[in-house]
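Visitor: I am new to this structure and would like to learn how to read it. Could you take me through it feature by feature?

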Amino acid sequence: MKFFRELGCTRVEIGVQSTYDRVLDKNNRGHHILETIRATKLLKDAGFKICYHMMPNLYGSTYKNDVEMFKELFSNPDFQPDMIKIYPCVVTKYAKLTKLYYQGKYIPYTDKQLTKLLIEIKKKLPEYVRVQRCIRDIPKQNIIGGSTISNLRQIIHQKMYKKYGRNLCKCIRCREIREDKKLPVKLKRIDYDASDGKEIFLQYVDKNNRIYALLRLRIPSWIIQRKSADRSALVSDRNAIIREVHTYGQMIPPYAKATGGKPVQHKGLGRKLIKQVEVIVKKEFDLSKIAVISGIGVRNYYRKLGYRLNKLYMIKYL
């Protein structure tokens, strides 16, 4: 993890694939779910954002298992990823799964089954997760069995609009503001337990719950559990960690003007979120220091807010 931080890394993607050990064994994954749980905790306590790669329709799983798997991701505090990439399993040329497929021992979901499954998954996602992808863009000629639809996310949304009159998914990507910005916005807070620590997700949303800006604050496990820090943790003092600050809308440099509409960026929403968590950290948790896992290119932004580089993190004493 130290090497990641030296490179300026702030996000780690983990090939979780399944939450069932028997399925992981059947697919020769080389790890069990306990390794995923431990890695998630270590990375979050060091401030990293976590993206899980999940693979429904793996050999040995079932439709019911896949639905329950995504429920557990956001009900079990051991998981709680910040982002997910959903990669439904397909059979490709030269893969070992090809033999099982031709023997009839592995049957991929039909497009109808897969679409239904992904709709069920997206309907139950919490507001603090972002679905990065719903499908892998593998060349159609390389797929022997499984879905070949590359715009599956678009089809899922169309079906939800047709059946329910709206997109029921509450993930960040489905709510992030693009055009048609209608300020003012209100502050919304979600608290949840994760990896023996506490996560506080702050967001500015409009009346339609579209998201304009967000902040992820972590109170590390050793503070919540009243234990000394794990030796492998990079942030081992009594401090909270800002894991992400992000403002959506048209991306423009601070010195440039937007090409149209009302830009969301550079309106101070990120600063307001940071000031808000400084109050939360001091009053609610009696902590006197905040660390920010910052990319190298945005350190000056935090310097203007009173943060100073200390080894691998931007630090502020409250």
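Visitor: How much space lies in the largest cavity?

Guide: Rolling a probe the size of a water molecule over the atoms shows where empty space is left. Here the largest cavity holds about 50 Å³ of space, and a search of the whole structure finds two cavities of 30 Å³ or more. A cavity is a set of points on a 1 Å grid over the protein atoms alone where a 1.4 Å probe fits but cannot get out, and its lining residues have an atom within 4 Å of a point. Grid points are joined across faces, edges and corners, and the volume is the space filled by probe spheres set on the points.

Please keep in mind that this is a predicted model, in which local features need pLDDT of at least 70 and side-chain atom pairs count only at pLDDT 80 or more, while totals for chains, interfaces and linings use all residues. Residues are numbered from 1 along each chain as its sequence is written, and side-chain values use heavy atoms, with hydrogens and water left out.

Visitor: Which residues line the largest cavity?

Guide: The lining is made of Val67, Phe70, Lys71, Glu120, Ile121, Lys124 and Leu125. Helix α4 (63–73) and helix α6 (111–123) each supply at least two of the lining residues, and the largest share, three residues, comes from α4. Helices (H or I, at least four residues) and strands (E, at least two) are DSSP runs, numbered from the N terminus.

Visitor: Which residues have the most contacts inside the largest nonpolar core?

Guide: A nonpolar core is a set of buried Ala, Val, Leu, Ile, Met, Phe, Trp, Tyr and Cys residues joined through side-chain atoms within 4.5 Å. Buried means under 20% relative accessible area, with a 1.4 Å probe and protein chains only. The largest core has 90 residues, and those with the most contacts inside it are Tyr52, Ile84, Leu125, Leu217, Ile242 and Tyr307. Strand β9 (residues 211–219) gives the most to this core, with seven residues.

Visitor: In what order do the strands of the seven-stranded open sheet come?

Guide: Two strands pair if DSSP finds at least two bridges between them. The order here is β7-β8-β9-β10-β11-β13-β12, with mixed pairing. One side of β7 (186–194) and of β12 (308–310) is left without a neighbour in the sheet, because each has a single partner strand. β7 pairs with strand β8 (residues 197–205) in the antiparallel sense over nine bridges, and Ile190 stands opposite Phe201 in β8.

Visitor: What is the pairing in the sheet of four strands?

Guide: That open sheet, in the order β1-β2-β3-β5, has parallel pairing. Its edge strands are β1 and β5 (130–133), each pairing on one side only. Strand β2 (residues 49–54) and strand β3 (residues 83–86) are joined by four bridges. Cys51 stands opposite Met83, and His53 has Lys85 as its bridge partner.

Visitor: Which way do the residues of β3 point?

Guide: In a regular strand the side chains alternate between the two faces of the sheet. Met83 and Lys85 point one way from β3, Ile84 and Ile86 the other way, and all are buried.

Definitions and conventions. Buried means under 20% relative accessible area, exposed over 50%, partly exposed in between (1.4 Å probe, protein chains only). On a 1 Å grid over the protein atoms alone, a cavity is a set of points where a 1.4 Å probe fits but cannot get out, and a pocket is an open set with protein on both sides within 12 Å along at least five of seven lines; lining residues have an atom within 4 Å of a point.
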